[in-house]
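Here are my notes on this one, written up as numbered points. Have the viewer open while you go through them.

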Amino acid sequence: MTSRERFLAACRGQPLDRPPVWVMRQAGRYLPEYRELKAKHGFLGMVKNPALATEVTLQPLRRFPLDAAILFSDILVIPEALGQGYRFKDEGGIAMEYRLTSAADVDRLADGSVAPEKLSYVGEALKLLRTELKGQHALLGFGGSPWTLATYMVEGGSSDDFAHVKALFYAERPVFERLMEKLCAALIAYFRMQIAAGADAIQIFDSWGGALAGMDYEAGSLQWIRRIVAALPADFPVILYAKGTAPHQAAQAASGIRVLSVDTSIDLAAAHARLASGPKPIALQGNLDPVLLNTTPEIVRREATRLLESLRGRSGHIMNLGHGILPQAKLENMSALVETTVNWK
């Protein structure tokens with residue numbers, strides 16, 4: 001069985017001798033070869049160059065026996081394609097070129113149909129990766145959820161309280177929904193392009209879904225995710241990662257996705273018992289604490305084994321972290337995680 005076959009079988013909930021393994025942000029700052037390339041070309045320079053994006057995507061696969069590669073890109077390429085650029089601040093965090101402050105600002109954004117043309121470099125990178133991977137590893141595309149993208153667009157960048165986007169949601173719902181409509185259209189076109197270019201699965205990052213009040217999650221985020229999933233090919237593997245949204249897991253599982261990626265706050269075995277055995281079972285991805293990769297190989301092996309043992313005899317699990325790998329992660333700890341999973345019996 002190839003790594004690609006293993007990954008897709010896990011998405012379908014089929015029994016396997018071990019779960020597939022990959023790590024969110026597995027191509028990133030903890031790798032010396034990534035830091036070297038970034039120093040020469042800059043983050044956005046790598047994202048927008050298909051050859052460089054391909055190289056960065058493949059870097060972790062050269063070091064570790066991972067089952068999947070995830071395209072090196074950024075969720076904020078969608079706002080940029082619609083006319084709202086962004087940059088990384090020297091002190092950390094994101095700054096958009098401007099903040100959406102009015103209905104006129106939303107209306108000035110380009111139509112979502114421009115996304116495939118504006119982001120053609122993503123499709124080129126996926127095609128290159130498909131050739132390089134030779135069908136041996138699963139290839140994942142991704143994008144942000146409409147709500148998560150809107151937080152950056154309305155806040156003008158990173159935010160601690162999301163006050164502006166929540167005010168738009170509560171006080172100017174028609175304007176909020178016009179923005180969501182544009183983002184949905186762009187993401188549908190973008191994901192279809194990724195699928196056509198060779199992506200085996202799409203991960204949607206609803207990273208700030210937990211910022212919404214509980215009773216507002218459906219209206220503010222999940223209904224738009226559901227619309228996107230419904231517009232993609234039937235039964236295509238869509239993974240949803242929605243940090244801080246544990247109370248909404250049942251609704252997320254019923255949204256049409258095939259895999260729910262869970263954060264570290266969740267007891268994965270308990271979630272599996274609730275979600276993976278119903279009339280339409282759903283696979284789960286996660287959810288080791290990323291901080292473990294800053295410790296020692298012995299601790300990583302112990303905790304990874306504990307997680308794997310908690311799911312022994314259950315199908316439909318993709319081993320991953322509960323959030324993206326941290327820049328301080330040690331290479332030997334990443335090796336310990338992957339090798340523990342690959343050798344687990």
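This is a predicted model: local features need pLDDT of at least 70, side-chain atom pairs count only at pLDDT 80 or more; totals for chains, interfaces and linings use all residues.

**Notes on the model**

1. Let's start inside: Asp67 and Arg18 are both buried. Their side chains form a salt bridge, 3.0 Å from N to O.

2. Now for the overall picture. The chain has 16 helices and 9 strands. Its radius of gyration is 19 Å, close to the 20 Å that the globule rule gives for 345 residues, so the chain is as compact as a globular protein of that length. The C-alpha trace spans about 60 × 50 × 35 Å along its principal axes, and 57% of the 345 residues are buried.

3. Back to charges: the whole structure contains 16 salt bridges. One of them pairs Asp200 with Arg4 at 2.8 Å, N to O. Asp200 sits in the loop between α11 (173-197) and β5 (201-205) while Arg4 belongs to helix α1, so this pair ties together parts that are 196 residues apart in sequence. Asp200 is buried at 6% relative accessibility, whereas Arg4 is partly exposed at 27%.

4. Another pair worth a click is Asp17 with Arg6, where the closest N and O atoms are 2.7 Å apart. Here Asp17 comes from the loop between α1 and α2 and Arg6 from helix α1, 11 residues apart. Arg6 is buried, with a relative accessible area of 9%; Asp17 counts as partly exposed at 46%.

5. Which residues gather in a patch of positive charge on the surface? They are Arg25, Arg29, Lys38 and Lys243. Arg25 is in the loop between α1 (3-11) and α2 (32-41), and it counts as exposed because its relative accessibility is 53%.

6. Some backbone geometry to check. Most residues other than glycine have a negative phi, and most peptide bonds are trans. Arg25 has a positive phi of about 65 degrees without being a glycine. Asp235 also has a positive phi, about 65 degrees, and is not a glycine either. Asp235 lies in the loop between α12 (217-230) and β6 (238-241) and is exposed, with a relative accessible area of 60%.

7. Last item: the peptide bond joining Gly286 and Asn287 is cis, with omega at about -10 degrees. Asn287 is in strand β8 (residues 283-288).

Key. Residues are numbered from 1 along each chain as its sequence is written. Side-chain values use heavy atoms; hydrogens and water are left out. Patches are made of residues with over 30% relative accessible area and no salt bridge: like charges are joined within 9 Å, nonpolar side chains (Val, Leu, Ile, Met, Phe, Trp, Tyr) within 5 Å. Accessible areas come from the Shrake-Rupley method with a 1.4 Å probe; for residues, only the protein chains shown count as cover. A salt bridge is a side-chain nitrogen of Lys or Arg within 4 Å of a carboxyl oxygen of Asp or Glu. Lys and Arg count as positive and Asp and Glu as negative; His and the chain ends are not counted. The place of a charge is taken as NZ of Lys, CZ of Arg, CG of Asp or CD of Glu. Helices (H or I, at least four residues) and strands (E, at least two) are DSSP runs, numbered from the N terminus. Buried means under 20% relative accessible area, exposed over 50%, partly exposed in between (1.4 Å probe, protein chains only). The radius of gyration is taken over C-alpha atoms; the globule rule is 2.2 Å times the number of residues to the power 0.38.
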